[in-house]
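Visitor: I have a model open and some questions about it. Can we go through a few of its residues and then its main pocket?

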Amino acid sequence: MFANVRVTPDSRFGFVEVACRPTADGGTEASIAYTFTALSTAGRSYLSELTEDAFANMIEGWKLRIDAWLQV
């Protein structure tokens with residue numbers, strides 16, 4: 001299991017938990033859970049706008065940045 005904590009000062013706290021387990025075919029299955037907590041009015045506003053689509057876009061942005069970094 002892997003966990004990551006991220007704090008955006010005066011806004012929000014985020015906790016990401018990743019658990020991996022082997023599959024019968026030799027692969028890996030990953031379960032990922034996100035928990036966000038608002039730390040202020042600004043954080044509540046941000047999280048209230050974090051729709052499923054907005055969250056997917058945020059994750060895609062991370063994927064693009066990580067992929068670019070791996071190319072270096």
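Visitor: Which residues does Arg-21 touch, not counting residues up to four places away in sequence?
Guide: This is a predicted model. Arg-21 is found in strand β2. Contact here means heavy atoms within 4.5 Å. By that test, Arg-21 touches Gly-27, Thr-28, Glu-29 and Ser-31.

Visitor: With which side chain does the side chain of Arg-21 make a polar contact?
Guide: A polar contact needs a pair of N or O atoms within 3.5 Å. The side chain of Arg-21 has such a contact at 2.3 Å. The partner is the side chain of Glu-29.

Visitor: Is Arg-21 buried, partly exposed or exposed?
Guide: Buried means under 20% relative accessible area, and exposed means over 50%. Arg-21 has 46% relative accessibility, so it counts as partly exposed.

Visitor: How far apart in space are Arg-21 and Met-1, C-alpha to C-alpha?
Guide: In sequence, 20 residues separate Arg-21 and Met-1. In space, C-alpha to C-alpha, the separation is 9.2 Å.

Visitor: What does the side chain of Ser-40 reach at 2.5 Å?
Guide: Ser-40 is found in the loop between β3 and α1. Ser-40 touches Asp-10 and Ser-11, leaving aside residues up to four places away in sequence. At 2.5 Å, its side chain reaches the backbone oxygen of Asp-10.

Visitor: Do Ser-40 and Asp-10 each count as buried or exposed?
Guide: The cut-offs are under 20% for buried and over 50% for exposed. Ser-40 has 17% relative accessibility, so Ser-40 counts as buried. Asp-10 has a relative accessible area of 66%, so Asp-10 is exposed.

Visitor: What is the phi of Asp-10?
Guide: Asp-10 lies in the loop between β1 and β2. Most residues other than glycine have a negative phi. Asp-10 is not a glycine, yet its phi is positive, at about 60°.

Visitor: Which residues lie nearest the centre of the largest pocket?
Guide: The largest pocket holds about 530 Å³ of space. Its lining has 20 residues. Those nearest the centre are Asn-4, Val-16, Tyr-34, Ile-59 and Trp-62.

Visitor: Which element gives the largest share of the lining of the largest pocket?
Guide: The elements that give two or more residues to this lining are β1, β2, β3 and α2. The largest share is six residues, and it comes from β2.

Visitor: How many nonpolar residues does the lining of the largest pocket have?
Guide: Sort the lining by class. Three residues are polar and three are charged. The nonpolar residues number 14.

Definitions and conventions: Residues are numbered from 1 along each chain as its sequence is written. This is a predicted model: local features need pLDDT of at least 70, side-chain atom pairs count only at pLDDT 80 or more; totals for chains, interfaces and linings use all residues. Side-chain values use heavy atoms; hydrogens and water are left out. On a 1 Å grid over the protein atoms alone, a cavity is a set of points where a 1.4 Å probe fits but cannot get out, and a pocket is an open set with protein on both sides within 12 Å along at least five of seven lines; lining residues have an atom within 4 Å of a point. Grid points are joined across faces, edges and corners, and a volume is the space filled by probe spheres set on the points. Helices (H or I, at least four residues) and strands (E, at least two) are DSSP runs, numbered from the N terminus. Ala, Val, Leu, Ile, Met, Phe, Trp, Tyr, Cys and Pro count as nonpolar, Asp, Glu, Lys and Arg as charged, and the others, Gly among them, as polar. Buried means under 20% relative accessible area, exposed over 50%, partly exposed in between (1.4 Å probe, protein chains only). A polar contact is a pair of N or O atoms within 3.5 Å; within protein, one must be able to donate a hydrogen and the other to accept it, and residues adjacent in sequence count only if both atoms are side-chain atoms.
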